[in-house]
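Here is a short walk through a structure, taken helix by helix. Keep the coordinates open as you read.

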Amino acid sequence: MGTAVAAYVVVWLFVTGFVGWLGIRQNQLDSRLAELESRFAAATRKRTAIAGAA
Amino acid sequence: MPNARAVHAGQKTIWASLAGGLMSAAFVAIFFLAPTEQSMGAVQRILYVHVSVAWLALLGLVASAATGCVYLLRRDLIWDHWSQAAAELGWLCATLTLVTGSLWASEAWNTWWTWDPRLTTAFVLWLIYSGYLLIRSNVEDPHARARVGAVVAIVGVLDVPLVVMATRWFRGIHPVAPEMEPMMRGVLFFSAFSFASFFGLLLFLRRKQLRQESLITALERAAARP
């Protein structure tokens, strides 16, 4: 029974590892997206201010 | 009224719960419902996961090559995202096939590895997946990467019939298609279905993530332009 359980534990570890890796990638993408959003928001504010001043 | 992001998160939770529930049910069926095989004992229970992931590993390369083909015809990166996601999950399944097979062989054949035709062609399949992912990681341009990936997957898919037919065409020690009790067969198909559902969900999630990554990279490039 030990070997069979070991096989399923290995499968569980690999699958969990893959899901964890997906989660880390998603986190990285979310922070890249947040960074882009703040850059675009800053650029829009600047453009509005320039248009207002003109 | 709920926004689109909340609806998507809700749908994702429902699908994840369904796939997780199926996987749990499969594990219960494997360990508590399937009868113990007389000659091999409990170690035979490895078969249920080994065969399931092996089928998915083969299916993954076929899917990767098919979507690669569509990319070559349409030049739309969305198909390359499908191809890459299928190859990544296929690599995972191929790795699990080798690891679980090796654990089974250590008990059944008293060795971790032997150059049996089925084992050798399965190892070649793993090498093809690894090569595919390695080559892709070294190409910067998305369309060049997609082209190279499609070609590797299409050439690599030629190994699939060899893996399937290896036990029939060549002499070896790997079991061909062992006789099974109806309950064992039922548990095998149920676990294959459960694994397929779970990996199918991961495939969709990874494909979506790749699409998002490609859009963010394009936006970053646009933002970097003076």
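Why does the distance between the end C-alpha atoms of helix H4 (residues 117-137) of chain B agree with its number of residues? H4(B) has 21 residues, and at 1.5 Å a residue they should span 30 Å. The expected span is 1.5 Å times one less than the number of residues. The end C-alpha atoms of H4(B) are 30 Å apart, which agrees.

This is a predicted model, in which local features need pLDDT of at least 70 and side-chain atom pairs count only at pLDDT 80 or more, while totals for chains, interfaces and linings use all residues. Residues are numbered from 1 along each chain as its sequence is written, chains are lettered from A and ligands numbered from 1 in the order in which they are written.

Start with chain B as a whole. Its secondary structure comes to 7 helices and 0 strands. Helices (H or I, at least four residues) and strands (E, at least two) are DSSP runs, numbered from the N terminus. Along the sequence, the pattern of chain B reads α-α-α-α-α-α-α. The C-alpha atoms of chain B fill a box of roughly 70 × 45 × 25 Å along the principal axes. Of the 226 residues in chain B, 35% are buried (20 or more other C-beta atoms within 10 Å of the residue's own, with C-beta atoms placed from the backbone). Take the contacts in chain B between residues at least 6 apart in sequence: 80% join residues at least 24 apart. A contact means that two C-beta atoms, placed from the backbone, lie within 7 Å.

Now return to H4(B). Its buried residues include Leu119(B), Ala122(B), Leu125(B), Ile128(B), Tyr129(B) and Tyr132(B). Arg118(B) and Thr121(B) in H4(B) are buried too. Among the elements that cover the buried residues of H4(B) are helix H2 (46-74), H3, helix H5 (142-156) and helix H6 (159-169) of chain B.

Two of these covering helices, H2(B) and H5(B), also meet each other. Their axes come within 8 Å and cross at roughly 135°. Axes are lines fitted to C-alpha atoms, for helices over the stretch in contact, and angles run from 0 to 180 degrees between N-to-C directions. That makes H2(B) oblique to H5(B). Angles under 35 degrees count as roughly parallel, over 145 as roughly antiparallel, 65 to 115 as roughly perpendicular and the rest as oblique. Residues of H2(B) in this contact include Ala65(B), Gly68(B) and Cys69(B), and those of H5(B) include Gly149(B), Ala150(B) and Ala153(B). The contact divides into 9 nonpolar, 4 polar and no charged residues. Ala, Val, Leu, Ile, Met, Phe, Trp, Tyr, Cys and Pro count as nonpolar, Asp, Glu, Lys and Arg as charged, and the others, Gly among them, as polar.

H3(B) (residues 77-108) packs against helix H7 (residues 182-224) of chain B at about 135°, with axes 9 Å apart. H3(B) is thus oblique to H7(B). Trp82(B) and Leu89(B) are among the H3(B) residues here, with Phe199(B) and Arg206(B) among those of H7(B). This contact has 11 nonpolar, 3 polar and 4 charged residues.

H3(B) also meets chain A. Helix H1 (residues 2-53) of chain A and H3(B) have axes that come within 10 Å and cross at roughly 165°. The two are therefore roughly antiparallel. Val10(A) and Phe14(A) are among the H1(A) residues in the contact, and Leu96(B) and Val99(B) among those of H3(B). Its residues comprise 10 nonpolar, 4 polar and 1 charged. Overall, 18 residues of chain A are in contact with 22 of chain B.

Terms used:
Buried ≥ 20, exposed ≤ 12 C-beta atoms within 10 Å, placed from the backbone.
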